[in-house]
Amino acid sequence: MKVTGGRAVPAHGRDPILRMEKITKRFGPVLANDQIDLVVREGSVHGLLGENGAGKTTLVNILYGLYQPDAGRMLLRGRQVRFTSPRSAIRQGIGMIHQQFMLVPPLTVAENIILGLPPRRSAFLDLRRVEAEIRTLSKTYRLDVDPRAPIWQLPVGIQQRVEILKALYRQADLFILDEPTSVLTPAESEALFEIVKRLVSEGRSVIFITHKLDEVMHVCNEVTVLRQGRVVATLPTTETTPAALARMMVGRDVVLRLEKGPARRNGVVLQIDGLRASNDRSLPALKGVSFAVQQGEVFGIAGVDGNGQTELAEVVSGLRRATAGRIMLRGVDVTNAPVRRRISQGLAYIPSDRHRFGVIPDLTVADNLVLKDFYHPPFAYRAILQPGTIRQHAAALAKRFDIRMAGIEQEVRQLSGGNQQKVVLAREVSGDPHLIVAMQPTRGLDVGASEFVLRTILAQRDRGAAVLYTSAELDEVLAVSDRVAVMFDGEIMGIVRPNEVSLEEVSLMMGGALRKLLLPPTEVNE
Amino acid sequence: MTLRLAATRLIPVWAVLAALMLGMLLVRLAGANPFVAYSELLRGAFADLFGFSTTLVKTTPLLFAGLGVAVALRAGLFNIGAEGQIYLGGLGATLVGVYLHGLPPVVHIPLTLFAGALAGGLWALLPIVLRVTRGVNEVITTLLMNYIGFFLVSWVVSGPLMEPGAPYPYSRALDPATNLPVLIPATDAHAGILIALFLALLLHLLFARTAYGFQLRAVGANPMASAYAGMNVRVTLVAAMVLGGALAGVAGAVEVTGLKHRLFEGFSPGYGYDAIVVAFLSNGQPLGVVAMSFFFGALRSGANIMQRSLGVPVAIVFAIQGLAVIFLAAGLAIQRRSLVLELLRARLKGGATTDAHVEAARHDAF
């Protein structure tokens with residue numbers, strides 16, 4: 001160990017491991033990176049801060065050999081380098097943990113980690129040895145990953161650790177973490193920060209991409225702030241404040257704030273009693289969940305990815321079978337009823353993965369807007385489609401929800417992510433549903449689009465809809481919800497009011513360390 | 001924008017034209033003048049009554065079976081089993097034609113066609129049920145069912161149904177009341193082509209104008225989103241495959257009742273496989289299937305004349321067919337927009353574990 005604690009020598013005093021000079025990258029009319037300079041010092045954590053679309057990911061993709069810069073040069077350990085592919089970047093000791101994991105689902109952890117590596121020692125694959133090595137690495141960094149588990153069985157949080165293991169196994173000395181905490185809970189993030197600190201304490205260097213200010217202050221030695229493809233500033237974190245960084249990042253002061261009035265609750269819409277269900281591996285995912293959602297409130301579900309939220313949303317919307325318990329929707333038992341019956345009872349669903357669950361990218365905007373209603377009047381009489389009505393419907397919704405497109409006959413695949421989500425929102429919300437199940441509806445959207453989604457959902461609440469809201473972003477759940485149920489390991493650890501609970505308590509509940517009904521029991525089913 | 005769209009839609013046409021151009025080179029290598037050969041081919045396919053009737057006769061089974069593959073394709077399924085479904089359809093029609101007597105043609109003909117459809121549909125049922133319940137890839141099962149169908153017919157016509165004293169395996173003659181009307185006197189051209197055209201039009205309307213067509217397309221394009229929107233993916237997939245099998249079954253029934261009037265061992269020279277080419281080149285569009293099957297029917301019919309008068313081997317036509325598929329694939333790869341290609345890509349990328357159909361079918365299991 002050269003430097004203990006990683007802070008013995010001020011970061012800005014050390015030698016640079018990486019120097020990127022005047023990097024420019026253009027995509028069509030968009031200037032993604034405009035003459036960006038970035039210097040990363042050895043044994044330090046360098047934060048890359050900026051909003052969605054600021055150019056952070058483009059810059060590191062250039063470093064990782066995924067893109068070729070239009071101009072500029074890179075020096076790694078003082079030598080000029082040019083990476084034509086990730087393979088050459090990896091060979092030079094660069095390890096990247098992408099936002100979207102690059103893993104092969106049917107293969108095991110160990111197989112994924114050695115994928116593409118030349119065999120060592122002999123021509124034969126010694127998986128057992130690899131597994132032992134991975135187990136050791138996993139133990140050292142407290143990653144708790146079973147090298148024999150197939151990737152597709154693992155929750156997102158664990159998959160990220162596999163990516164970290166992959167880079168560790170390849171003995172990377174410059175790690176790129178792209179928004180690594182976006183899928184983690186506070187406790188998990190804390191564990192990740194420990195890993196990052198351990199990495200730099202061994203002389204390795206980390207580029208830490210984020211848009212979260214507290215993370216920058218917490219783990220980074222230095223930070224470069226990007227805005228609209230340009231460097232706003234590079235400075236040591238000891239010489240700045242979160243508020244100052246926020247101003248640099250967005251060019252104005254920001255606070256996460258959602259303006260909403262008090263909930264006007266009025267009668268139970270969704271009542272869930274003792275609900276049990278299994279996950280895809282036939283293991284119990286919901287272990288007796290009970291709660292009620294009322295008209296005119298947003299009922300949030302907080303928890304680490306993979307603690308039963310997905311299964312809960314699927315069971316409520318009819319895509320997963322309940323093994324026990326009861327789901328009452330407006331007084332009707334819909335426990336294992338077909339999706340269409342729930343829809344006719346007033347259910348709407350806003351999924352997390354739009355491309356897979358929300359829209360049919362090959363169909364037109366107009367067709368996607370009638371995906372739930374195409375078979376009945378006024379869109380079809382005796383199974384004969386009414387194209388005129390379908391077009392009018394689409395035009396009206398496109399206007400009301402401000403869907404930006406070339407026309408309603410355009411294929412949805414050609415729309416931006418935000419506009420695709422508007423198509424989903426328009427379809428799901430326009431029928432004035434009684435219950436909206438929203439599953440991470442803002443995932444992958446930029447700030448503006450996220451805000452539109454949240455505002456739409458709150459407007460529905462004020463109209464009188466009951467909303468069941470799930471998100472991996474704790475801040476978001478707390479901001480949007482009137483009540484929040486915290487899930488851990490298939491159980492509800494407690495139901496709380498966001499303004500009456502501390503973040504620390506919620507974190508403890510998400511980690512399963514605290515089981516508490518912070519509301520008096522009468523409040524829950526009032 | 002519209003020009004681009006038109007270019008995309010016309011890729012199959014370009015592919016066929018390119019194949020014909022390269023085919024000229026092959027004709028030249030075979031020692032004939034390509035222009036003479038092609039005009040001879042054209043003349044053979046259309047100019048005389050006999051040639052034209054042969055074109056119609058060859059088009060008919062390709063059209064039926066091509067529709068059968070196209071319906072499944074619409075729902076995102078690969079029906080490689082049209083050949084077996086043709087054999088079963090022929091068998092079904094033969095049973096009704098051989099064992100039932102004394103019915104008027106107006107009853108007996110529909111009955112044979114229905115029996116063919118039923119047999120073909122049932123032949124497709126097993127693979128699709130395995131698919132939606134167990135996730136067994138239908139490409140493999142439908143393909144393997146072809147062999148079972150072929151040998152089942154071989155056994156039937158050389159055993160239980162064999163014409164006594166026949167020199168090689170074929171069945172007893174069907175009741176004359178099952179014979180389809182002849183379209184052009186003194187030729188083989190039978191009314192099967194009219195039925196096929198009618199069905200193609202019907203399918204076109206089904207796809208373009210009805211809620212069923214909408215659902216088929218939605219499920220084919222994204223089964224998960226369709227399940228979330230309340231559609232029953234499992235039922236849709238089974239219906240599409242069985243309908244496809246039934247259409248291919250009618251191809252077999254029409255071959256028997258319109259042309260041969262007996263069930264012969266190996267009576268289909270691979271119409272079911274050519275139907276896959278026809279459906280893919282048509283991108284699953286029924287009217288495209290009409291055009292493509294007519295084109296290949298004409299090619300086959302004209303090739304015989306070309307061989308007789310110029311000595312250019314018929315095999316050239318099959319080479320042209322193969323080249324058309326290659327050019328199509330190349331064209332689509334450049335455009336990156338095609339039902340078939342998207343499906344193949346999804347399949348190859350997803351592997352067995354993230355198969356969207358299976359996942360969707362699991363979700364709407366109740």
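**Entry 1: one residue.** I began with Ile113(A), which touches Ile134(A), Leu165(A), Lys166(A) and Tyr169(A) when residues up to four places away in sequence are not counted; two residues are in contact if their C-beta atoms, placed from the backbone, lie within 7 Å. I noted that this is a predicted model, in which local features need pLDDT of at least 70 and side-chain atom pairs count only at pLDDT 80 or more, while totals for chains, interfaces and linings use all residues. Residues are numbered from 1 along each chain as its sequence is written, and chains are lettered from A and ligands numbered from 1 in the order in which they are written.

I found Ile113(A) in helix α3 (residues 109-114) of chain A, where helices (H or I, at least four residues) and strands (E, at least two) are DSSP runs, numbered from the N terminus. Why does Ile113(A) count as buried? Ile113(A) has 26 C-beta neighbours inside 10 Å, and a residue is buried if 20 or more other C-beta atoms lie within 10 Å of its own, exposed if 12 or fewer, and partly exposed in between, with C-beta atoms placed from the backbone. I also looked up Pro180(A), which is 67 residues from Ile113(A) in sequence and 18 Å from it in space, C-alpha to C-alpha.

**Entry 2: chain A as a whole.** I read that the secondary structure of chain A comes to 18 helices and 22 strands, and that 46% of its 526 residues count as buried. Of the contacts in chain A with a separation of 6 or more, 67% are between residues 24 or more positions apart.

**Entry 3: two sheets in chain A.** I traced an open sheet of four strands in the order β2-β1-β4-β5, with antiparallel pairing; two strands pair if DSSP finds at least two bridges between them. Its edge strands are β2 (30-41) and β5 (79-81), each pairing on one side only, and the twist averages 25° from one strand to the next. Within this sheet, five bridges join β1 (residues 16-27) to β4 (residues 71-76), and Leu18(A) stands opposite Leu76(A) in β4(A).

I then followed an open sheet with the order β12-β11-β14-β15, also formed by four strands with antiparallel pairing, whose edge strands are β12 (284-294) and β15 (332-333). Strand β11(A) pairs with β12(A) over eight bridges, and five bridges join β11 (residues 268-278) to β14 (residues 324-329). Asp273(A) stands opposite Arg326(A) in β14(A).

**Entry 4: where the chains meet.** I noted that the contact takes 21 residues from chain B and 28 residues from chain A. Helices α9 (211-221) and α10 (223-228) of chain B each supply at least two residues of the side of chain B that touches chain A, and the largest share, five residues, comes from α9(B).

**Entry 5: a helix in chain B.** I checked helix α11 (residues 233-260) of chain B, whose 28 residues should span 40 Å at 1.5 Å a residue, and the end C-alpha atoms are 40 Å apart, which agrees; the expected span is 1.5 Å times one less than the number of residues. Because 24 of its 28 residues are buried, α11(B) is largely enclosed by the rest of the structure. I saw that α11(B) is followed by His261(B), whose phi is positive, near 60°.

How values were computed
Axes fitted to C-alpha atoms, helices over the stretch in contact; angles between N-to-C directions.
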